[in-house]
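Trainee: I would like to learn how to read the features of a model one at a time. Could we work through one together?

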Amino acid sequence: MARGNPTVSLAHLSSGRPFALTGGTIVTADGSQAVSDIIVGADGRFVAVEPFLDATSCDARIDITGMLVSPGFVDAHQHLDKTGVLRFTPNPSGTLQGAREAFAKYAQTAGPEDIHKRATRTVERCLSRGTTAIRSHINVDKDARFHGMETLAAIRDAERDRITLQLVAFMTPHPGQDFDWLEKNIDGAVALADAVGGTPAVSEDPPRYLDILFSAAVKAGKPVDLHLDEHLNAGVHLLDAAIERVERFGMQGRTVFSHVSVLSALPRREFQRIAERIRTLDVGVVTLPAANLYLQGRDAEMLPPRGLTRVAELHRAGVTIATASDNIQDPFVPTGSGDMLEIARWTLLAGHLRGDELAAAHRMITTAPAHLMGLGKDYGLRSCARADFVVTDCTDTDTLVAGGPDRAFIFSRGRLVSETTTALTRVENSCLKEDA
């Protein structure tokens, strides 16, 4: 039996063999924490997650007392077809429209090999930082055609044992949009995807566009994930139109509104009316702090707005809200490392959560996005679920979100895929005096 130093023991676990972790603090489905043992089977799934387990049948037993075990992080909104193109797609204005135009031009020449190289690199970086599931919106239009969707579908299928990857057929409208082309091609795109998406605010005919998206989703039996009202113009929002279609098409519990920045521009009473409809219909919300902080409010003469939706108020109103990376190093967001703990911190700070809501920020990168992606019983620290989890030297989720770990071990399907250790150098007082 392997026991003792968890750094050595965890790092030397054999792949594809059953093992037990004992004495660790696990994060439960409701966000509470409890000391428990864990047994992972040879098939890469949890056999049991309970205190005082009999681990005699396991090949290895590792004592992780004092360490925290979190479910794998979930990034419910990325754009893997765009990732890493920053140096090729300048966006001098720093605006949303500038970013759209920059990528649309690049997409005309971006072939499958280019997309594959950039996307797989970002997937690996995300996985190494604890992300074990990603939902990615992939452009399908006359510029990008099906290159991104076909390439990412191949990556999704090839990597399914290492990471859960969902694709959204992001049916992208442009000025002069040809609705005949959209209606002709949407079913083919949705067949390759796991969800249906689009951005109604830039469509020339939002009602018709929404009907096309929802109809295709119902026909294919797949959920809807919209880029909705990623702007701050309170006079032109499409929230009621989208909510009406959730009801009419019977998509309660199967729809996500991403961004919804405009909610922060609405009067509080109007926001509360809409938030209640969203909650009642079980519509999920995803906030994208990096993109909205970067792209929104550049035309403000005084006190530029944060650009995010009403994160704290949606959370406190009982709406299922997740946070996500959105874009990584492209014209929409020039930064990004794939670290969901970084995104959780941005969300807490920019979204006006409080210091006593660090655990809520943790749920926004774990259980909340897992629910919105429909991962169900395949996710979490529970028997039969995929053994996707993160072991750190943090004492609790507050510590994990606030400052991150110095030691972290990432497991995907029961296999150790990454370990990181921060070297801490002790500086003696005498040295400080000498330098002074």
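Predicted model: local features only at pLDDT ≥ 70, side-chain atom pairs only at ≥ 80, totals over all residues.

Trainee: In which element is serine 412 found? Does serine 412 count as buried or exposed?

Mentor: Serine 412 is found in strand β15, residues 407-412. Its relative accessibility is 3%, so serine 412 counts as buried; the cut-off for buried is under 20%.

Trainee: Which residue of strand β3 can I read in that way?

Mentor: Take phenylalanine 46, which is found in strand β3, residues 46-50. Phenylalanine 46 is buried, with a relative accessible area of 2%. Consider distance as well: phenylalanine 46 and arginine 413 are 367 residues apart in sequence, while their C-alpha atoms are 9.1 Å apart in space.

Trainee: Now the strands. How do I read a sheet?

Mentor: Strands of a sheet pair through backbone hydrogen bonds, and the pairing is either parallel or antiparallel. Here eight strands form an open sheet with parallel pairing, in the order β6-β7-β8-β9-β10-β11-β12-β13.

Trainee: Which strands stand at the edges?

Mentor: β6 (73-78) and β13 (321-323) do. Each has a single partner strand, so one side of each is left without a neighbour in the sheet. On average, and with direction ignored, neighbouring strands of this sheet are turned by 25° against each other.

Trainee: How many bridges pair β6 with β7?

Mentor: Four bridges, in the parallel sense, pair β6 with strand β7, residues 131-140.

Trainee: What do the two faces of a strand tell me?

Mentor: In a regular strand, side chains alternate between the two faces of the sheet. In strand β4 (residues 60-63), Ala60 and Ile62 are on the covered face, and Arg61 and Asp63 are on the uncovered one. β4 runs parallel to strand β1 (residues 19-27), and four bridges join them. Alanine 20 stands opposite arginine 61 of β4.

Trainee: Next, helix packing. What describes a pair of helices?

Mentor: Two packed helices are described by the angle between their axes and by the distance between the axes. Helices α3 (residues 112-128) and α4 (residues 147-158) pack at an angle of about 50°, with axes 9 Å apart. That angle makes α3 oblique to α4. The crossing of α3 past α4 is right-handed.

Trainee: Which residues of α3 and α4 meet?

Mentor: Pro112, Ile115, His116, Ala119 and Thr120 in α3 meet His147, Gly148, Thr151, Leu152 and Ile155 in α4. By class, the residues of this contact are five nonpolar, five polar and no charged.

Trainee: How do α5 and α6 pack?

Mentor: Their axes are 10 Å apart, and the angle is about 25°. The cut-off for roughly parallel is under 35 degrees; α5 and α6 are therefore roughly parallel to each other. α5 passes α6 in a right-handed crossing. From α5 the contact includes Phe179, Leu182 and Ile186, and from α6 it includes Tyr209, Ile212 and Leu213. The residues of the contact between α5 and α6 divide into nine nonpolar, no polar and five charged.

Trainee: What is the crossing of α6 and α7 like?

Mentor: The axes of α6 (residues 206-220) and α7 (residues 239-248) come within 11 Å and cross at roughly 35°. This crossing of α6 and α7 is right-handed. Pro207, Leu210, Asp211 and Phe214 in α6 meet Ala241, Ala242, Arg245, Val246 and Arg248 in α7. The contact of α6 with α7 has six nonpolar, no polar and three charged residues.

Trainee: Last, backbone angles. What should I look for in phi?

Mentor: Most residues other than glycine have a negative phi. Aspartate 282 has a positive value, near 55°. Its place is in the loop between α8 (268-280) and β12 (284-287). With 36% relative accessibility, aspartate 282 counts as partly exposed. Histidine 352 also has a positive phi, near 65°, and its place is in the loop between α11 (340-350) and α12 (358-363).

Notes: Residues numbered from 1 in each chain as written. Heavy atoms only, no water. Axes fitted to C-alpha atoms, helices over the stretch in contact; angles between N-to-C directions. Helix = DSSP H or I, 4+ residues; strand = E, 2+ residues; numbered from the N terminus. Left-handed = near helix turned anticlockwise from the far one by under 90°. Contact = heavy atoms within 4.5 Å. Nonpolar A, V, L, I, M, F, W, Y, C, P; charged D, E, K, R; others polar. Pairing = 2+ DSSP bridges. Parallel < 35°, antiparallel > 145°, perpendicular 65-115°, else oblique. Buried < 20%, exposed > 50% of the residue type's maximum accessible area, 1.4 Å probe, protein only.
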